Structures are given as structure tokens and as C-alpha cells.
Amino acid sequence: MERIVRLNDGYTMPMVGFGTYQMPRRITQQCVEQALETGYRHIDTAQCYGNEHEVGLAVKASGLKREDVFVTTKLWGAHGYGDTMRSIENSLRTIGLDYIDLFLIHEPSGDFISQYQAMEDARQMGLLRSIGVANFMEDNYLRLIKNCKVVPAVNQIETHVYRQQAKMHRLLAEHGTWHESWSPLACGQNGFFHDPVLKRIAEVHGKSIAQVGLRWLLQQGVDVIPKTTHRERMQENLDLFDFELTTEEMLDIKTLDTGRSQFGWW
Ligand SMILES: NC(=O)c1ccc[n+]([C@@H]2O[C@H](COP(=O)([O-])OP(=O)(O)OC[C@H]3O[C@@H](n4cnc5c(N)ncnc54)[C@H](OP(=O)(O)O)[C@@H]3O)[C@@H](O)[C@H]2O)c1
């Protein structure tokens, strides 16, 4: 099992990242510093999380080399090309970095083709390394593919045992876009942390339910960005490489798919 994936543009991204959605600003710097100390080298933030600045402070305070930390942020509410370019520059200033490793359109709203064109140009200028999208389902994704020069490196979509996204996974693979999971622990919805199927499998391997849910995604070639504010869980969510689910266990987990969002979003 590889710990790093090579994206379609040649850049590499760690398969386990650290999410920061709904992480209060006042504790974000400390949590991200702890995550980096624990061994995470991939941090996921977004303009609309309001914590880009604290993520940047943590990366600086860690003393790690810039090239050793992979930082993702996401565009929110920009109108067209010029506004997107300003928004990218603003993210760079707020995070305090010279470039962003992965910049995503957070959701397909407004004129996303113009937003993406600005991202392609910002990439050319060296402000962004990899570019991609989030929450782009089939129709919007195919519309973008038909109208872009740079195939999105990543599509970050809701993916966990209860929403498995097998069809989107195949479509993305066909076009060379990497499938990244958001809410890989289903954010605890649908009784995730007490699920009897996951519990049985976890007991066999001497692992936790969270680890089984995350490992299941990794074994399908989907990277994960679990969020936690607890140090021991940071370690737990990273310790995914010393066990392997069998084909039968993978199939048992496949039966948990509900085929719909646990959040009523996309
Ligand atoms: N692109 C998008 O639209 C989008 C949408 C949603 C999320 N995301 C990204 O994806 C990341 C992850 O998604 P998420 O934060 O919604 O949900 P998640 O990572 O699936 O689950 C986080 C929840 O699980 C708890 N938890 C974490 N590890 C645990 C463990 N080992 N044992 C028990 N409980 C555990 C956390 O609580 P504690 O913090 O109390 O430990 C938190 O309540 C986000 O943080 C964000 O970066 C992106």
C-alpha cells in the first residue's frame, strides 16, 4: 500500500491528510501543529472554514520545509475570472505561503468554467501547483472536462462506507482525476462509530472502527482527510498501514452503501 499518490500533473500527495472543517479558529493552529508533529504532511483547509491563516501559522511553526507539507485550500464564492484571481492571491496572503499545493473549486456554483480558467493561469504563474474541484458530480465534472486545458488533478467528494461513489470513482479514473474522500468517517453519521459490520472486522484486526473505515477507502485508491481535535485520534487515524482488509471484508463493507449523502448536500 503506497502512502503517497502521484497526481496526473506529476506532483505527489500523501494518502492520509488532516481535515480542518468546523475546527474553531482558536484551536486550529495548535491542532495542526500537533497533527504535523504526529506525522501528517497533508492539511486540508478552505476559504470558507475561516482558518486558513491558522493553518499557515502551524506550517511555519512546525519548522518543516515548505516542500515537505502538502496544503490544500478551496475557492469560495468568487464571481468569474478576475474575482477568482484576486481570491487566490488573498488565500496566499492569508495562509502566508508562496504557493498552494492543491487549490480546488469548493462547489460547482456560478461560472465555474471562468473560475477554473483563472486557476489554470495561476498554476502557469506558479501560484498554484495542482488544481481541481470538490463536489463536482457527473454532469458538472463532464462539463468542466470538455472546457478545460488542465484536467482536474483531484475531485474531493463525500465518500465513506455509507456513500461509496463507485460510479464517480470509475468516471474520475477514466479521465485521470484522483478521487479524494471528504468526511471519510461519515462525520459519525448513521451510527458509524458503532456500526456492527465495521466493529466485527475491527475486532479481527485489533484495530478501531475508524481505522477500518479509513483503510477500506485507501485500499480502493481513495485518499482520506479525517478531522479530529484529539491528539490520540490523530495518531489512530494515521496508523493505517500495518494491516490489510481481506477481499471478503471489503465486500462485506460494500453492502453498507446507502447510495446517498449523509448530509443532504451533493
Ligand atoms: N469539500 C467539501 O465540501 C468538504 C465537506 C466536508 C468536509 N471536508 C473536508 O474533509 C474533512 C473531514 O471531514 P469531516 O470533518 O466532515 O468528518 P470526518 O473526518 O469524517 O469525521 C470527523 C468527526 O469524527 C470524529 N473523529 C475523528 N477521528 C475519530 C476517531 N478516531 N474516533 C472517534 N471519533 C473520531 C471527530 O471528532 P473530534 O474532532 O472530537 O475527534 C469529528 O466529530 C474536513 O475536516 C474537511 O477538511 C470537505
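The structure is a predicted model, in which local features need pLDDT of at least 70 and side-chain atom pairs count only at pLDDT 80 or more, while totals for chains, interfaces and linings use all residues. Residue numbers start from 1 along each chain as its sequence is written.

Taken as a whole, the open sheet is formed by eight strands in the order E3-E4-E5-E6-E7-E8-E9-E10, with parallel pairing; two strands are said to pair if DSSP finds at least two bridges between them. Its edge strands are E3 (18-19) and E10 (223-224), each of which pairs on one side only.

How well covered are the strands E6, E7 and E8? In E6, six of six residues are buried, and in strand E8 (residues 154-158) the count is five of five. For E7, six of its seven residues are buried. The term buried means that 20 or more other C-beta atoms lie within 10 Å of a residue's own, exposed means 12 or fewer, and partly exposed is in between, with C-beta atoms placed from the backbone.

In soluble globular proteins, nonpolar side chains tend to be buried together. The largest nonpolar core of this model has 68 residues, and those with the most contacts inside it are Val 32, Val 71, Leu 102, Phe 103 and Leu 104. The largest share of this core, seven residues, comes from helix H8. A nonpolar core is a set of buried Ala, Val, Leu, Ile, Met, Phe, Trp, Tyr and Cys residues joined through C-beta atoms within 7 Å. Leu 102 makes a handy example: leaving aside neighbours within four places in sequence, Leu 102 is in contact with Met 13, Phe 70, Thr 72, Arg 129, Ser 130, Gly 132, Ala 153 and Val 154. Contact here means that the C-beta atoms of two residues, placed from the backbone, lie within 7 Å.

Turning to the ligand, there are 26 residues around it, of which Gly 19, Tyr 21, Trp 182, Leu 185 and Lys 227 come nearest; a residue is near a molecule or strand if its C-beta atom, placed from the backbone, lies within 6 Å of it. By class, this shell has eleven nonpolar, eleven polar and four charged residues. In this classification Ala, Val, Leu, Ile, Met, Phe, Trp, Tyr, Cys and Pro are nonpolar, Asp, Glu, Lys and Arg are charged, and the others, Gly among them, are polar.

Helix H9 (residues 231-238) gives the most to the shell around the ligand, with three residues. Within H9, Met 234, Asn 237 and Leu 238 are buried. These residues are on the same side of H9 because they cover an arc of only 100 degrees around the axis, the arc being that of the directions from the helix axis to the C-beta atoms. Helix H1 (25-38) and helix H8 (209-218) are included in what covers the buried residues of H9.

Most residues other than glycine have a negative phi. Asn 135, which is not a glycine, has a positive phi of about 60 degrees. Asn 135 sits in the loop between E7 and helix H5 (138-146) and counts as buried because 20 other C-beta atoms lie within 10 Å. Ala 186 likewise has a positive phi, near 55 degrees, and belongs to the loop between E9 and H7. With 22 other C-beta atoms within 10 Å, Ala 186 is buried. Cys 187 lies in the loop between strand E9 (178-182) and helix H7 (196-205), and is partly exposed because it has 18 C-beta neighbours inside 10 Å.

Notes:
Helices (H or I, at least four residues) and strands (E, at least two) are DSSP runs, numbered from the N terminus.
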